[in-house]
Amino acid sequence: MKKTVVALAVMGFGITGVYAQDMVVKIGNVAPLTGTISHLGKDNENGARLAIEEANARGVTLGGKKVKFELIGEDDQADPRTGTTVAQRLVDAGVKAVVGHLNSGTTIPASRIYDQGGVPMISPSATNPKLTQQGYKGVFRTIANDVQQGSVLGKFMVSELGAKKIAIIDDRTAYGQGLADETDKAAKASGAQIVAREFTNDKATDFNAILTKIRAANPDVIFFGGMDAQAGPMMRQVKQLGITAKFVTGDGGCSPEMIKLAGDAISSNVYCSMAGVPLDKMPGGVDFRERYKKRFNADVQIYSPYAFDAANAFITAMQKADSAEPAKYLPELKKVNFPGVTGTVAFDDKGDIKEGAVTLYQFKNGDWAAM
Amino acid sequence: MNELVAAVPWLGKRNPMAARWLLIILAIAAPFIAMQFGRSWVRILDFALLYMMLALGLNLVVGFAGLLDLGYIAFYAVGAYTFAFLASPHFGIHLPFWMVLPLGAAFAAVAGIMLGFPVLRLRGDYLAIVTLGFGEIIRIFMLNLNYPVNITNGPQGINMIDPIVLFGWDLSRNLQVTEEISIHSLYLYYYLFLACVIGSIIFIQRLQISRVGRAWAAMRDDELAAKAIGINTRNMKLLAFSLGATFGGVAGCLFGAFQGFVSPESFSLMESIAVLTMVVFGGMGNIAGAIVGAFVLALLPEILRDVAIPLQQTLFGKVILDPEVLRMLLLSLAMILMMLLRPAGLIPARARYAHPENLHRGGAAK
Amino acid sequence: METLIQQILNGLVIGSVYALIALGYTMVYGILGLINFAHGDVLMVGALTALQTMLFLMGFAPGMSPVVMLTIALAVAIPVCMMIGFTMERLAYRRLRNAPRLAPLITAIGMSFLLQTVAMIIWGRNYHTFPQLISTTPMQPIEGVFVTPVQLTIIGVSALIMIGLMLLVNKTRIGRAMRATAENHRVASLMGVDTNAVIAFTFVIGAALAAVAGVMFASNYGIAHYGMGFMPGLKAFTAAVLGGIGNLGGAMLGGITLGLVESLGAGYIEHLTFGFLNSSYQDIFAFIILGLVLIFKPTGLLGERVSDRA
């Protein structure tokens with residue numbers, strides 16, 4: 001990792017034509033940009049890109065030199081093997097920091113490569129608790145993990161929604177299963193009964209069979225651990241089967257996409273949770289959506305604010321350390337504490353987000369309203 | 001080896017000896033050449049070698065014995081999970097590599113026979129769909145066997161798998177030769193995998209010209225005739241499935257140890273299709289074809305990652321398509337064009353033991 | 001009791017969707033022996049083209065009646081898919097007719113990737129909401145059993161299309177040519193059948209069916225996406241094999257059987273295995289049934305009835 005900055009600047013020169021005295025700092029971003037969740041992957045990349053472009057516009061100086069941040073986006077296809085390959089590519093390319101990956105399944109094997117290569121990484125969306133328990137020094141995340149989110153959700157369903165009988169569905173991904181299991185535990189601990197535990201997959205569109213089975217168990221609340229692309233159609237089928245139970249999902253379903261996909265089937269009976277605080281509660285978060293929309297001509301999906309915060313955490317730490325060298329800025333990254341768009345960004349000693357606040361939203365007047 | 005030698009362009013036919021040495025030198029020097037472009041290319045080469053093993057194994061089943069298998073990746077999964085079970089903190093068992101590898105191979109072989117028995121009567125596309133189903137069944141079990149008893153840890157996968165340790169020598173650490181010189185772990189894995197691939201090639205080469213190989217060729221070309229001349233097609237089919245599976249199992253063990261993490265996502269249907277594509281792309285029914293197919297298709301997507309942006313900049317002066325989109329576009333076009341231009345693959349199987357012309361489709365021809 | 005009826009109904013609906021897609025698969029397979037892996041992706045193009053047309057119409061003439069709008073959308077989507085089907089056959093599959101067995105399969109997989117990538121470029125990565133022009137308001141024919149008009153439409157459409165295809169294959173001149181070609185290309189061409197034209201025709205019909213299936217699929221679930229074709233395509237292929245590939249009635253029967261197995265499997269597998277297996281194993285259930293059927297009847301439920309092949 002002692003590639004000289006000059007060499008990088010020369011490489012950058014050929015492609016981007018920056019002034020020779022500018023120092024180029026490469027930041028990597030990895031997410032699935034092809035495949036079924038590529039819309040979320042692109043969203044992550046856009047979030048990191050926005051942070052970097054804003055920093056460049058602001059002008060950042062490190063060690064007396066003007067710095068130009070450059071984002072290198074890679075596609076891991078949500079596949080663990082490809083994840084390690086692109087991780088190695090980024091290390092080779094001399095990136096100083098990595099925002100990614102999206103899925104826990106790709107982030108965990110990739111984190112080993114980053115650790116070996118001495119590149120710190122912040123995942124904006126991998127929620128598997130194990131990620132930060134591997135003992136690697138440079139692994140962080142800006143999103144609450146499954147345990148943090150699941151326990152809030154479980155309690156919420158019992159105490160706020162008054163659920164006595166709960167049905168739980170998960171999509172058999174590392175994310176969905178992890179969240180559903182933690183929610184299951186928390187709900188049981190709060191005194192509710194799990195009347196049905198059903199499963200689907202992340203490519204399914206038809207949930208009639210499991211929903212019919214759930215209907216027979218007559219739950220007060222249905223919880224779904226999975227993504228919006230399944231939650232949307234699932235909502236429609238809930239309505240078509242005449243199920244009146246309340247519907248709760250985690251951050252995977254807490255998107256504008258979910259509202260769009262559920263169509264007229266979504267009602268004020270639908271709740272979801274998001275890590276962090278609502279965007280409009282944070283300074284700088286208020287117009288995040290507009291800035292994003294203006295730049296990319298697309299709506300914020302789910303994790304781009306977290307990717308935005310992750311990239312800014314790196315930039316802040318680098319500024320504090322006055323260096324883009326991982327060895328120098330890593331101690332600052334551990335101490336970082338600033339208001340991001342999703343809440344206060346500060347990490348605990350393992351690398352999880354310290355605050356770990358989880359906000360619950362209810363569907364109201366065509367949008368998610370924080371409760 | 002001879003097939004590979006003959007496949008070397010220009011030199012192969014004129015001076016086989018020189019071509020042979022060229023290949024050997026290339027195989028040994030490959031990681032050092034790759035290193036010039038970055039360490040990731042050494043990693044890609046490592047994976048390419050694993051794919052070669054898979055392609056060689058699948059080629060036994062599809063190319064030699066003529067049994068279309070769309071669920072081959074299941075054996076890879078069996079191998080990888082065997083290693084993960086027996087050498088990771090998941091169950092707290094840490095058996096050494098040399099004990100786990102044969103076990104992984106054996107379990108995969110048993111899985112191969114388990115698949116083989118019910119499908120003995122099936123042919124062609126019926127066989128294809130049942131093997132596809134078998135692959136999915138294995139994957140779904142891996143995905144769901146965390147409940148009621150946690151065996152596979154479900155979708156979360158198994159992490160912190162032990163690295164390969166040979167005679168007290170940990171391959172995941174860089175080898176310190178002297179104070180200054182150290183050999184990176186990726187090279188060590190490369191040579192281990194290379195040794196496995198070479199071993200497989202030698203084994204398969206001997207097998208191909210053996211009684212079994214000839215029986216397979218006969219069975220593939222005409223099952224009825226093969227039966228009539230006294231070949232026990234049932235045993236031959238089971239042997240093909242289990243031997244093919246063994247290669248998958250070994251590759252899976254190596255994969256699990258190399259990656260340090262296994263989860264069901266790595267064993268999807270698309271991976272089965274990818275390996276089959278390598279075999280057909282390279283040229284079915286011959287060793288060189290499987291090797292070259294795996295090599296080209298493992299490297300091509302990675303090369304496309306690098307050329308996607310510069311290519312557009314020189315052609316159009318700006319980036320029109322995202323690199324990942326262009327990569328998929330070029331990859332799919334390459335698959336289609338390749339099959340149109342060389343339907344028998346990059347290196348068509350040569351006569352004597354392989355008769356691709358007899359594999360023509362359509363009942364009309366028979 | 002109403003749960004059982006509901007599950008059977010669920011199975012019938014999803015089964016009809018599978019059947020609709022499987023009919024296209026089986027047509028092409030019957031005549032060429034080719035597993036057209038790209039069939040599911042033609043379905044996706046059909047759905048997305050129809051979506052594009054509807055969005056255009058909604059902006060252009062907002063007050064248009066849903067039935068007219070759906071008809072126009074289909075009228076655009078079907079020819080587009082037919083063109084894709086024709087182009088695929090003409091440019092790729094025709095050249096491979098005498099190639100080694102697996103070459104067309106790999107080409108088809110390449111086609112599938114190509115269609116997905118192009119669709120991703122045109123329509124982006126996001127999931128789209130598909131306007132549900134046929135009502136999805138549930139009705140209750142029996143107390144506690146819910147069914148929506150769009151579901152009834154799907155069952156009706158697949159039955160009608162199957163009958164239509166049967167008539168086409170068995171009663172018309174072109175149908176006879178198709179049967180002859182399926183039986184033996186060379187002899188058929190000796191008898192004066194323009195086999196190239198017949199095969200192209202089959203592909204075009206198959207693609208048109210995919211377009212209809214795509215619109216029905218998207219209408220039922222209310223979503224469309226560039227990767228939506230793969231899974232239903234795979235399931236439909238399974239259904240076609242289950243019924244006896246190349247056999248139109250078999251495709252229908254296979255589709256419905258698969259739908260019922262999936263839905264009843266997901267609903268009752270937990271009781272049947274005393275809580276050991278659960279709904280996450282529903283796909284396994286489907287594949288095991290497939291395996292069992294094929295072990296006892298290696299050519300599917302109805303078999304490859306050559307005389308009926310199209």
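1. Starting with residues 67–86 of chain C: in this predicted model the span is 100% helix and 0% strand, and its end C-alpha atoms sit 28 Å apart. Residues 102–124 of chain C come out at 91% helix and 0% strand, with 32 Å between the end C-alpha atoms. Both spans carry the label "transmembrane region" in the UniProt annotation, which comes from an unreviewed entry. That record also puts the label on other parts of chain C, including 12–35, 42–61 and 144–169.

2. Next, how two helices of chain C pack. Helix 3 (residues 66–93) and helix 4 (residues 103–123) of chain C meet at an angle of about 135°, and their axes are 11 Å apart. That angle is why helix 3 of chain C counts as oblique to helix 4 of chain C; the cut-off for roughly antiparallel is over 145 degrees. As for handedness, the crossing of these two helices of chain C is right-handed.

3. Who touches whom in that pair? On the helix 3 side of chain C you have Met88(C), Ala92(C) and Tyr93(C). They meet Pro104(C), Thr107(C) and Met111(C) from helix 4 of chain C. By class, the residues of this contact are five nonpolar, one polar and no charged.

4. Helix 4 of chain C turns up again at the contact with chain B. Here 39 residues of chain C are in contact with 38 residues of chain B. On the chain C side, the elements giving two or more residues are helix 4, helix 7 (185–190), helix 9 (230–243) and helix 11 (282–296). Helix 4 of chain C has the largest share, at 11 residues. The chain C side splits into 25 nonpolar, 10 polar and four charged residues.

5. Chain B also touches chain A, with 22 residues of chain B in contact with 24 residues of chain A. Two elements of chain B give two or more residues to this side, namely helix 4 (39–64) and helix 14 (323–341). The largest share, five residues, belongs to helix 4 of chain B. If you want the make-up of the chain B side here, look for six nonpolar, 10 polar and six charged residues.

6. Within chain B, the domain assignment gives domain 1 (1–36) and domain 2 (40–358). Their centres, taken over C-alpha atoms, are 23 Å apart. Nine residues of domain 1 of chain B are in contact with 15 residues of domain 2 of chain B. Helix 1 (2–7) and helix 3 (16–35) of chain B are the elements that give two or more residues to the domain 1 side, and helix 3 of chain B gives the most, with five residues. That side of domain 1 of chain B has eight nonpolar residues, no polar ones and one charged.

7. Last, chain A. Its domain assignment has domain 1 in two pieces (5–144 + 281–345), with domain 2 at 146–275. The centres of the two domains of chain A, again taken over C-alpha atoms, are separated by 31 Å. The contact draws 14 residues from domain 1 of chain A and 18 residues from domain 2 of chain A. On the domain 1 side of chain A, the classes are five nonpolar, eight polar and one charged.

Conventions: Residues numbered from 1 in each chain as written. Chains lettered and ligands numbered in written order. Predicted model: local features only at pLDDT ≥ 70, side-chain atom pairs only at ≥ 80, totals over all residues. Axes fitted to C-alpha atoms, helices over the stretch in contact; angles between N-to-C directions. Helix = DSSP H or I, 4+ residues; strand = E, 2+ residues; numbered from the N terminus. Parallel < 35°, antiparallel > 145°, perpendicular 65-115°, else oblique. Left-handed = near helix turned anticlockwise from the far one by under 90°. Contact = placed C-beta atoms within 7 Å. Nonpolar A, V, L, I, M, F, W, Y, C, P; charged D, E, K, R; others polar. UniProt positions renumbered as here; feature names shortened; annotations may be inferred. Domains from an automatic or database assignment.
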